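Below are some notes for a colleague who is opening this structure for the first time. They are numbered so that each can be checked against the model in turn.

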Amino acid sequence: MPNRIETSAPVAALLVAAGRGLRAGAGQPKQYRLIDGRPVLAQALAPFLAEPAIGRVAVVIGEGDEDRYADAIAGLDPARLAPPTIGGATRQDSVRRGLQALARDGFDGIVLVHDAARPFVSPALIDAAIRTLDESGLAAIPALPVTDTIKRIDERGHIAETPPRDRLVSVQTPQAFRFGPLLAAHEAASAALLHGFTDDAALMEWAGHPVATFAGDPANIKLTHPEDFMRTGAGNGKLLVTRVGTGYDVHAFGPGDHVWLGGVRIGHDQGVVAHSDGDVALHALTDALLGALAEGDIGTHFPPSDPQWRGAASAQFLAFAAERVRERGGRIDHLDLTIVCEAPKIGPHRDAIRAAIAAAAGVTAGKVAIKATTSERMGFTGRREGLAALATATIRLPEEE
Ligand SMILES: Nc1ccn([C@@H]2O[C@H](COP(=O)(O)OP(=O)(O)OP(=O)(O)O)[C@@H](O)[C@H]2O)c(=O)n1
Ligand SMILES: C[C@](O)(CO)[C@H](O)COP(=O)(O)O
């Protein structure tokens with residue numbers, strides 16, 4: 001826990017929330033959508049309201065968003081929350097209007113400008129912003145090294161330049177500034193009819209001020225596109241609820257020299273009697289996912305009567321079910337599999353099976369558990385007449401209406 005921050009000047013936070021969220025879609029501004037049942041804006045505000053060094057928190061909202069805003073902040077401590085300011089057509093305009101409102105209230109000191117669309121901002125990052133600014137001067141912003149190679153393209157989309165990567169960073173918010181110079185830079189840019197600045201540090205650079213950096217946080221993403229909401233687990237802005245499905249499959253042994261289990265070909269003195277490749281593990285997992293989705297079973301989607309599935313690789317069945325989870329705005333939390341047979345031995349193939357299942361389902365291997373057991377020579381598996389698999393799938397799906 002860092003020490004309480006002692007600053008040389010009062011600190012305010014300005015959250016810009018006047019955008020329309022057109023790239024994220026979903027019919028409403030993204031800052032009012034829910035993640036884990038809480039509005040994005042409320043999540044972005046909470047750590048600023050909780051920071052004792054911040055004396056005032058101001059929000060810029062879109063015209064007509066007053067009711068949405070009131071709903072979103074219900075339950076937050078209103079004591080340090082200033083009445084909202086109405087924003088402008090661009091982020092730059094919205095920040096300027098927010099700064100002007102703070103100036104009208106007589107504020108001067110340090111201001112942290114933050115995107116309401118970054119709800120995962122941590123107390124540690126806010127702390128770093130204030131400390132770095134207080135120690136370094138007029139402007140301090142969070143920066144992360146880029147991991148992709150960045151190129152500049154020409155108007156035809158052809159590469160014009162590949163700048164050396166070791167000096168490139170991507171920058172986030174909160175960005176911390178001395179209030180007076182930031183407001184002056186905004187006013188000057190506006191007077192010069194320059195409205196294309198995509199962050200506030202760029203205005204300070206334009207005004208000739210040095211801008212320091214401190215370490216950004218990879219978790220502090222800006223929700224921009226629908227996939228960003230998918231990654232957070234916030235399918236369509238609805239609360240995600242956990243659903244569990246189970247699956248079971250058996251196949252009789254028959255002539256052959258191998259079996260397929262969990263997408264892995266395992267040499268054996270018998271094969272299995274099946275329409276597809278007879279992979280009981282993948283069939284049980286497919287049914288477990290379809291059960292959690294309440295979308296029928298493997299036979300509903302891949303009827304054994306359909307010749308196209310003769311000898312089919314069962315990984316495609318599991319991949320289909322996993323894709324259905326994603327198409328419905330959900331995510332797979334865990335896949336648990338038990339294979340029941342006297343032989344072949346599963347142990348030597350466990351890691352390969354785990355990796356193959358993870359690849360087919362599009363999850364990390366850490367979300368796949370593989371267990372095996374004999375049935376102590378009892379029943380059809382004990383008599384080596386066939387093999388069986390049981391599976392459980394735990395997923396999260398947007399709550400039903
Ligand atoms: N006129 C605007 C535009 C943007 N923002 C805010 O600036 C932040 C970053 O902008 P961006 O991600 O571009 O949000 P939107 O403008 O809402 O998105 P889009 O461009 O897809 O419509 C967001 O918190 C957004 O609400 C703002 O206050 N006023
Ligand atoms: C301010 C910002 O979040 C820094 O990365 C970014 O520039 C905002 O860009 P947007 O196009 O307004 O989302």
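This is a predicted model: local features need pLDDT of at least 70, side-chain atom pairs count only at pLDDT 80 or more; totals for chains, interfaces and linings use all residues.

1. H10 runs over residues 315-327, 13 residues in total, and spans 18 Å from its first C-alpha to its last, close to the 18 Å expected at 1.5 Å a residue. Just after H10, glycine 329 has a positive phi of about 80°.

2. On the overall make-up, the protein has twelve helices and 19 strands. Of its 401 residues, 38% are buried. Among contacts with a separation of 6 or more, 75% are between residues 24 or more positions apart.

3. Next, the annotated site. The unreviewed UniProt entry carries a "binding site" annotation that covers Asp249, His251 and His283. These three residues span 35 residues in sequence, yet no two of their C-alpha atoms are more than 10.4 Å apart, so they gather at one spot.

4. Two of these annotated residues can be described further. Aspartate 249 is in strand E13 (residues 240-254) and is buried, with 23 other C-beta atoms within 10 Å. Leaving aside residues up to four places away in sequence, aspartate 249 touches Val280, His283, Ala284, Asp287, Ala388 and Ala389. Histidine 283 is in helix H8 (residues 280-293) and is also buried, with 27 other C-beta atoms within 10 Å. With the same exclusion, histidine 283 touches Asp249, Ile298, Ser314 and Phe317.

5. Which residues are closest to ligand 1? They are Val16, Ala18, Gly19, Arg23 and Ser94, out of 23 residues that surround the ligand. Strand E1 (11-17) and helix H3 (91-104) each supply at least two residues of this shell. By class, the shell around ligand 1 divides into ten nonpolar, eight polar and five charged residues.

6. The residues around ligand 2 are Arg91, Asp115, Val171, Gln172, Thr173, Thr198, Asp199, Lys222 and Thr224. One of the shell residues is nonpolar, four are polar and four are charged. Proline 174 lies in the loop between strand E10 (169-171) and E11.

7. H5 has 13 residues and reaches 18 Å from first C-alpha to last, close to the 18 Å expected at 1.5 Å a residue. Its buried residues are Phe179, Leu182, Leu183, Ala185 and His186. Seen down the axis of H5, they fall within an arc of 160°, so they line one face of the helix. Just after H5, leucine 193 takes a positive phi of about 60°.

8. Some backbone details remain to be checked. A cis peptide bond joins alanine 343 to proline 344, with omega near 5°, and proline 344 lies in the loop between E17 and H11. Glutamate 376 has a positive phi of about 55° although it is not a glycine. This glutamate 376 is in the loop between strand E18 (368-373) and helix H12 (379-382), and it counts as exposed, with 9 C-beta neighbours inside 10 Å. Arginine 384, in the loop between H12 and E19, has a positive phi near 60°. Arginine 384 is partly exposed, with 15 other C-beta atoms within 10 Å.

9. Lastly, aspartate 77 sits in the loop between helix H2 (66-73) and strand E5 (85-86). Is aspartate 77 buried or exposed? Aspartate 77 is exposed, because the cut-off for that class is 12 or fewer other C-beta atoms within 10 Å and aspartate 77 has 12. Aspartate 77 and alanine 46 are 31 residues apart in sequence and 8.8 Å apart in space, C-alpha to C-alpha.

Technical notes. Residues are numbered from 1 along each chain as its sequence is written. Chains are lettered from A and ligands numbered from 1 in the order in which they are written. A residue is near a molecule or strand if its C-beta atom, placed from the backbone, lies within 6 Å of it. Helices (H or I, at least four residues) and strands (E, at least two) are DSSP runs, numbered from the N terminus. Ala, Val, Leu, Ile, Met, Phe, Trp, Tyr, Cys and Pro count as nonpolar, Asp, Glu, Lys and Arg as charged, and the others, Gly among them, as polar. The expected span of a helix is 1.5 Å times one less than its number of residues. A residue is buried if 20 or more other C-beta atoms lie within 10 Å of its own, exposed if 12 or fewer, and partly exposed in between; C-beta atoms are placed from the backbone. The arc is that of the directions from the helix axis to the C-beta atoms. UniProt positions are given in the numbering used here, feature names are shortened, and annotations may be inferred rather than shown by experiment. Two residues are in contact if their C-beta atoms, placed from the backbone, lie within 7 Å.
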